[in-house]
Amino acid sequence: MASSPRKPLHNDQYRAVIADDHEIVRDGLKLALQQPGMVEYNGLDVVAEAENGFEALAEVKNHRPDVLILDISMPLAGGAEVINDIRRWSPETRIVILTGINAEGLICSLLDSGVDGMFSKGASLNELYKQLPLILRGGKYVADTFVETMQRQQSRPSLTERELQTLNMVIAGKTSREIAEAMSVSPKTVDKHRTSLMKKLDTHSVAELIAYALREGLIDPENTF
């Protein structure tokens, strides 16, 4: 899925920052981006690398690059957490997500945040290199695998705010009485929310609810247990 480009920001080289917590990924991307002809005629100028979210934000603030290639599952603030700050400090920087995650809820929230490109680590990086010129010039591109993810998300049952609150607290191990106190409702009302939630999601146990929420990207697997 793509849109039309604008004119280049620079006559010489575009500047890039690579943010990924795996050195081998950063090295491979840097080598390819800097190679003349791979993405741009003169190659890209990789001005900085980052291995966590804090470093990514600091390097963007420092360099104001034309493009940031960002992993969304890094230590010290994942990619999803720093996008708004990046937009605030360097609004002209094009944000390109490169991820191995395909959870529907997370992918859709990233696209809603206004990223400029999204590519899968599970696919050939040639697609990234081919589409980067479009993105650098103001276009947008989302790999087909994520377009399919969005389509699945649109067909997923929608949850009310109360049902989503109930889901989060059930997953956290709260009892109906504890949930009722937190929501300032009766335990019987909580039971109704829980029944409606499980019926909508076609689940029959807390374990199935957790599995569903993980699969759909509604919760962070690192903070679940």
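**Salt bridges and a helix crossing**

User: Why does Glu 49 count as partly exposed?
Analyst: The relative accessibility of Glu 49 is 26%. Buried means under 20% relative accessible area and exposed means over 50%, with partly exposed in between (1.4 Å probe, protein chains only). The 26% of Glu 49 falls between those limits, so Glu 49 is partly exposed.

User: What do these values rest on?
Analyst: This is a predicted model, in which local features need pLDDT of at least 70 and side-chain atom pairs count only at pLDDT 80 or more, while totals for chains, interfaces and linings use all residues. Residues are numbered from 1 along each chain as its sequence is written, and side-chain values use heavy atoms, leaving out hydrogens and water.

User: What makes Lys 30 and Glu 49 a salt bridge?
Analyst: A salt bridge needs a side-chain nitrogen of Lys or Arg within 4 Å of a carboxyl oxygen of Asp or Glu. The closest N and O atoms of Lys 30 and Glu 49 are 3.5 Å apart, so the pair qualifies. Lys 30 lies in helix α1 (residues 23-34) and Glu 49 in strand β2 (residues 45-50), so the pair ties together parts that are 19 residues apart in sequence. Helices (H or I, at least four residues) and strands (E, at least two) are DSSP runs, numbered from the N terminus.

User: How many salt bridges are there by this rule?
Analyst: The count is ten. One of them joins Arg 15 to Asp 66, at 3.8 Å from N to O.

User: Is Asp 66 buried or exposed?
Analyst: Asp 66 has a relative accessible area of 4%, so it is buried by the limit given above.

User: Which residues are joined with Arg 87 into one network?
Analyst: Arg 87 forms a salt bridge with Asp 116, at 3.1 Å between the closest N and O atoms. Salt bridges that share partners join Arg 87, Arg 94, Asp 116 and Lys 140 into one network.

User: How do you know how α7 is oriented to α10?
Analyst: The axes of helix α7 (residues 161-171) and helix α10 (residues 206-215) come within 10 Å and cross at roughly 115°. Axes are lines fitted to C-alpha atoms, for helices over the stretch in contact, and angles run from 0 to 180 degrees between N-to-C directions. Under 35 degrees is roughly parallel, over 145 roughly antiparallel, 65 to 115 roughly perpendicular and the rest oblique. Therefore α7 is roughly perpendicular to α10.
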